[in-house]
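The sequence and the model are shown first, and the description follows.

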Amino acid sequence: MSVVLSGTGLYVPSQSISNEELVASYNQYASLENQKHREDIVSGLREPLQVSSVEFIEKASGIKSRYVVDKLGVLDPHVMHPLIADRPDDIWSLQCEMGVLAAKQALAQAHVSAAEVDAVIVSCSNLQRAYPAIAIEIQKALEIEGYAFDMNVACSSATFGIHTAMGSIESGQAKTILMINPEVCSGHLQWKDRDCHFIFGDVCTAVVIQARSECKPAAKAFEIVSTKLKTDFSSNIRNNFGFLNRCDPETVHSRDKTFRQQGRKVFKEIVPMVVELLGQQLQDNGLTAQQVKRYWLHQANINMNQLIMRKLLGKSATQEEACVILDEFANTSSAGSIIAFHRFREDFGVNDVGVLCSFGAGYSLGSLLLRCVS
Ligand SMILES: CC(C)(COP(=O)(O)OP(=O)(O)OC[C@H]1O[C@@H](n2cnc3c(N)ncnc32)[C@H](O)[C@@H]1OP(=O)(O)O)[C@@H](O)C(=O)NCCC(=O)NCCS
């Protein structure tokens with residue numbers, strides 16, 4: 001059975017933080033902390049916090065800014081995290097609200113009404129509550145029949161979500177599925193750590209996945225020619241936040257309850273895994289890397305993407321071949337490659353082929369080989 005992606009949507013928060021603003025706030029925080037612990041620092045009991053730098057961030061990652069749901073809290077050196085008011089149970093949650101906005105765009109692009117949707121999958125790195133599922137809340141908000149569920153495969157949540165939707169369509173369980181990625185990365189990022197404070201941004205993407213027979217003639221559709229998934233356990237990107245945290249009061253607020261990573265190790269270990277996975281997928285489908293019009297790669301680090309492309313193509317990739325959005329959005333976890341696909345596919349003609357690929361925590365890697373069919 002042929003399954004297509006027939007629409008995408010993107011919700012972008014209205015507030016953005018430049019590297020200059022971020023570094024100024026972090027350096028103020030570091031200075032306040034160093035003053036507070038001056039005696040211990042002088043007596044050698046404590047290392048002073050080092051300053052952050054715009055030049056380092058841009059050179060090491062390619063990130064220039066990020067969107068966030070709350071800028072004031074993040075930039076306040078006395079707060080250093082987003083301030084997001086708790087909502088009563090009868091008000092749509094933040095992730096539901098973001099999801100609905102992205103989903104409406106994706107449905108409009110696919111020329112599909114909510115009544116035609118059979119299932120909703122919310123797939124993202126961090127869910128704001130344990131239950132009920134955010135997906136079921138979005139299903140209710142959009143008045144969709146059928147079923148909904150949440151899943152989490154960290155940075156590969158979107159590609160694994162599309163793979164899961166495709167399986168449900170192939171099995172006959174559904175004909176049209178909405179897959180949504182509400183990534184509130186600012187909530188789990190440790191803004192007080194200069195090694196990672198620049199990495200993430202907030203956003204929500206949505207994708208409509210359909211049996212090709214259901215796809216509307218007016219939609220620009222991409223057939224999923226193949227999916228390839230790979231996981232390999234690693235603690236190099238890890239967040240120990242979870243429902244058991246309060247069971248050990250001594251460590252409930254310790255550093256490991258927010259995002260942390262061994263960035264250099266992640267870089268070194270993931271690049272060859274991605275190159276191998278993509279190489280194998282292309283070979284299995286009788287394609288060379290050069291026959292792919294565009295790579296919509298995971299958006300974590302510009303140097304990483306450039307190296308992957310050099311290894312695949314044997315030369316540096318252009319923006320047309322491997323588009324970059326992380327300069328504007330930073331790493332938005334699972335949403336990154338979907339934003340790239342959302343923004344850069346209008347120039348595709350029938351039979352042009354592209355690869356949408358994610359990689360990150362788990363480790364988890366997911367790749368979709370896509371062919372434009374209308
Ligand atoms: C995170 C990342 C940008 C860091 O870049 P890097 O070149 O590996 O830099 P390092 O962490 O080795 O740090 C290099 C030096 O800069 C310093 N540094 C770190 N953050 C800094 C900052 N904000 N400002 C200035 N200096 C900084 C480090 O302390 C280190 O100093 P040292 O050499 O004295 O020890 C990069 O490793 C990366 O993106 N890796 C891939 C991660 C990934 O894809 N993760 C998926 C996440 S979901």
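## Basis of the description

Strands, in this report, are DSSP runs of E with at least two residues, and they are numbered from the N terminus. In that sense Ile177 lies in strand 6. The model is predicted.

## Overall form

The protein has eleven helices and 13 strands. Its C-alpha trace spans about 70 × 55 × 35 Å along the principal axes. The radius of gyration is 21 Å, which agrees with the value near 21 Å for a compact globule of 374 residues.

Buried residues make up 44% of the 374 residues. Of the contacts with a separation of 6 or more, 78% join residues 24 or more positions apart.

In soluble globular proteins, nonpolar side chains tend to be buried together. Here the largest nonpolar core has 106 residues, and those with the most contacts inside it are Ala103, Val120, Ile138, Leu178, Met179, Ile180 and Ile209. Helix 5, residues 94–110, gives the most to this core, with nine residues.

Ile209 is in contact with Val3, Leu5, Ile162, Ala165, Met166, Ile169, Ile177 and Met179, leaving aside its neighbours within four places in sequence.

## Helices 5 and 6

Helix 5 has 17 residues and reaches 25 Å from its first C-alpha to its last, close to the 24 Å expected at 1.5 Å a residue. Its buried residues include Leu94, Cys96, Met98, Val100, Ala103 and Leu107. The buried residues of helix 5 pack against strand 1 (3–11), strand 4 (119–123), helix 6 (134–141), strand 6 (176–184) and strand 7 (202–211). After helix 5 comes His111, whose phi is positive, near 60 degrees.

In helix 6, the buried residues are Ile134, Ala135, Glu137, Ile138 and Gln139. They pack against helix 5, strand 4, strand 5 (147–151) and strand 6. Just after helix 6, Glu143 takes a positive phi of about 55 degrees.

Ile177 is buried, because 27 other C-beta atoms lie within 10 Å and the cut-off for burial is 20 or more. Not counting residues up to four places away in sequence, Ile177 touches Asp118, Ala119, Ile121, Ala165, Ser168, Ile169 and Ile209. Ile177 and Gln210 are 33 residues apart in sequence, with their C-alpha atoms 6.4 Å apart in space.

Asn27 is found in helix 1, residues 19–36. Asn27 counts as partly exposed, because it has 17 C-beta neighbours inside 10 Å. Leaving aside neighbours within four places in sequence, Asn27 is in contact with Val51 and Ser52. From C-alpha to C-alpha, Asn27 and Asn285 are 50 Å apart in space, and 258 residues separate them in sequence.

## The surroundings of the ligand

The ligand is surrounded by 22 residues, of which the closest are Phe56, Ala60, Gly263, Ala300 and Asn301. Helix 3 (54–61) and helix 8 (263–284) are the elements that give two or more residues to this shell. By type, the residues of the shell divide into eleven nonpolar, eight polar and three charged.

Note on methods: Residues are numbered from 1 along each chain as its sequence is written. This is a predicted model: local features need pLDDT of at least 70, side-chain atom pairs count only at pLDDT 80 or more; totals for chains, interfaces and linings use all residues. A residue is near a molecule or strand if its C-beta atom, placed from the backbone, lies within 6 Å of it. Helices (H or I, at least four residues) and strands (E, at least two) are DSSP runs, numbered from the N terminus. Ala, Val, Leu, Ile, Met, Phe, Trp, Tyr, Cys and Pro count as nonpolar, Asp, Glu, Lys and Arg as charged, and the others, Gly among them, as polar. A nonpolar core is a set of buried Ala, Val, Leu, Ile, Met, Phe, Trp, Tyr and Cys residues joined through C-beta atoms within 7 Å. A residue is buried if 20 or more other C-beta atoms lie within 10 Å of its own, exposed if 12 or fewer, and partly exposed in between; C-beta atoms are placed from the backbone. Two residues are in contact if their C-beta atoms, placed from the backbone, lie within 7 Å. The expected span of a helix is 1.5 Å times one less than its number of residues. The radius of gyration is taken over C-alpha atoms; the globule rule is 2.2 Å times the number of residues to the power 0.38.
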